[in-house]
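Please find below a note on the model under discussion.

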Amino acid sequence: MANVKFNVNGCEKSIEVPPMKRLLDVLREDLHLTGTKEGCGEGECGACAVLLDGELVNSCLVPALQANGARLCTIEGVSTEGRLHPIQRCFLEKGGAQCGICTPGMILATHHLLDKYPEPTMEQIQEGLAGNLCRCTGYMRIFEAVQKAAAGGAR
Amino acid sequence: MRSDAALFELEAPATLDAVLAQIAAEPGKFTAIAGGTELMVALGTGRLAQRSLLSIQHLNELRFIGVEDDAIHIGAGTTFTDIRRNAAIAENFPLLIQSASWTGSVANQNRGTLGGNICNASPAADTPPALLAYGATVTLISAIGKRSLPYSDFHLGYKRTALRPDELLHSISVPREFDGYRQYIRKVGTRNAQAISKVALACVARMEGDVIADIRIGAASLADRPVRCGAAEAALLGRRIDEAAIRAGRATLASEAKPIDDIRSTAMYRAAVAENLLEEFLRSLMI
């Protein structure tokens with residue numbers, strides 16, 4: 001077991017976990033932050049994406065010990081005081097979510113994308129979200145949601 | 001079936017020296033883990049054979065890009081995102097930028113490292129063809145010191161490398177000698193993002209008029225390891241670029257390629273596509 005300390009969504013946490021436990025499982029099982037989803041478990045689908053020190057990562061591929069000292073943001077940390085983040089509102093308004101499994105990862109990937117490119121081109125949107133698979137929407141409504149979020153000053 | 005994480009040990013020694021001392025004390029016991037984009041997939045699918053791991057992900061001593069007059073030195077722990085953000089690499093080694101950009105998704109590029117891509121030693125890995133074409137050198141480090149060798153000598157066979165059990169890959173050095181070279185890279189896979197190559201080719205060439213004065217070709221998925229295509233290079237070097245040269249290049253590449261059939265493609269398709277990619281590059285030299 002290893003002691004791992006990190007800040008998740010503004011709260012300091014200190015937990016005893018196997019050091020190779022996947023950050024995804026730490027979030028869901030130890031911290032009950034079940035907004036982060038497991039899709040493929042192989043880093044291909046992006047359903048488990050979170051921000052680690054501001055960088056988008058797939059939490060299924062991060063051993064718990066490597067998150068020691070990190071600042072994490074999960075989907076639970078995107079909204080503030082029960083109010084949706086503008087990116088979330090744009091996904092809702094544009095129908096960028098159907099079954100919802102990919103949505104937390106899509107929102108965080110969008111967050112990361114708009115941090116890097118406040119006014120992304122369609123090519124940048126497609127590349128930024130290429131690691132997030134959606135089996136419902138066909139992506140067009142997701143792209144529209146991202147464009148709306150960018151245009152509306154979502155950040 | 002996912003592995004039980006409790007069965008694995010992972011430590012994160014504070015310094016590179018501490019990591020090297022630990023692997024020197026018990027050579028072969030530990031496996032280094034950087035961004036985890038390969039080993040954690042194995043863990044998730046129950047295929048991770050190594051039980052004792054040492055994290056090197058936090059070591060800034062391995063995460064650097066050093067720009068010198070004659071070469072750019074890239075620490076093994078440098079991520080694909082670091083590489084894509086570096087202006088000097090973009091200016092000197094566009095093929096490396098291109099291959100980093102199609103190594104997995106943004107999330108994987110934020111974690112995955114150049115050293116991991118090389119040491120994992122997949123014959124289909126994205127960055128090796130570019131590094132082979134650029135004539136890169138690798139520097140290996142252990143508790144007793146460093147040694148360097150041409151990257152083309154690093155891969156010994158399928159997933160076998162020149163790394164001793166007490167060594168880590170320290171850095172990759174790429175010579176800055178490609179001003180005026182024509183450069184080409186193309187990956188053929190099922191989709192642009194995330195897909196593992198069926199075959200990929202990276203080429204650089206310097207022309208003197210219509211004569212090929214220098215040419216280097218690196219390939220993925222044409223053999224059991226990433227390879228430099230020395231026979232095709234020799235067949236083309238010093239030749240005037242014309243239809244006969246293209247035919248000779250294609251034939252020689254086909255004769256030295258040893259691709260396999262697997263879930264992603266067939267040997268016949270891989271060889272045919274590799275010849276087509278080489279022809280595409282050679283035709284671009286005619287203009």
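The note covers the conventions, the interface between the chains, the sheets and the salt bridges.

1. This is a predicted model, in which local features need pLDDT of at least 70 and side-chain atom pairs count only at pLDDT 80 or more, whereas totals for chains, interfaces and linings use all residues. Residues are numbered from 1 along each chain as its sequence is written, chains are lettered from A and ligands numbered from 1 in the order in which they are written, and side-chain values use heavy atoms, with hydrogens and water left out.

2. The interface joins 34 residues of chain B to 30 residues of chain A by contact (heavy atoms within 4.5 Å). Between them the two chains bury about 2,400 Å², with 57% of it on carbon and sulfur atoms; buried area is the accessible area (1.4 Å probe) that two parts lose on being put together, summed over both. On the chain B side, B:L10, B:M40 and B:R111 lose the most area to chain A, together 24% of what that side buries.

3. Two salt bridges cross the interface of chain B and chain A, a salt bridge being a side-chain nitrogen of Lys or Arg within 4 Å of a carboxyl oxygen of Asp or Glu. B:R84 forms a salt bridge with A:E127, and their closest N and O atoms are 2.7 Å apart. The side of chain B that touches chain A draws at least two residues from each of strand 1 (9-11), helix 2 (39-44), strand 3 (52-55) and helix 6 (106-111) of chain B; helices (H or I, at least four residues) and strands (E, at least two) are DSSP runs, numbered from the N terminus. Helix 6 of chain B supplies the largest share of that side, five residues.

4. In chain B, three strands make an open sheet in the order 1-3-2, with parallel pairing (two strands pair if DSSP finds at least two bridges between them). Strand 1 and strand 2 (30-33) of chain B are at the edges with a single partner strand each, so one side of each is left without a neighbour in the sheet. Strand 1 and strand 3 of chain B pair over three bridges, and B:L10 stands opposite B:L53 in strand 3 of chain B. Helix 1 (residues 16-25) of chain B packs on this sheet, touching strand 1, strand 2 and strand 3 of chain B, and its direction makes about 160 degrees with that of strand 3 of chain B; axes are lines fitted to C-alpha atoms, for helices over the stretch in contact, and angles run from 0 to 180 degrees between N-to-C directions.

5. A further open sheet of chain B has four strands in the order 11-12-13-14, paired antiparallel. Strand 11 (182-188) and strand 14 (227-228) of chain B stand at its edges, each with a single partner strand, so one side of each is left without a neighbour in the sheet. Strand 11 and strand 12 (residues 199-208) of chain B pair over seven bridges, with B:C203 in strand 12 of chain B as the bridge partner of B:Y184. Helix 5 (residues 94-101) of chain B packs on the sheet and touches strand 11 and strand 12 of chain B.

6. The whole structure holds 26 salt bridges over all chains. One of them links B:D126 and B:K187, with the closest N and O atoms 3.1 Å apart. B:D126 lies in the loop between helix 7 (114-119) and helix 8 (128-133) of chain B and B:K187 in strand 11 of chain B, so the pair ties together parts that are 61 residues apart in sequence.
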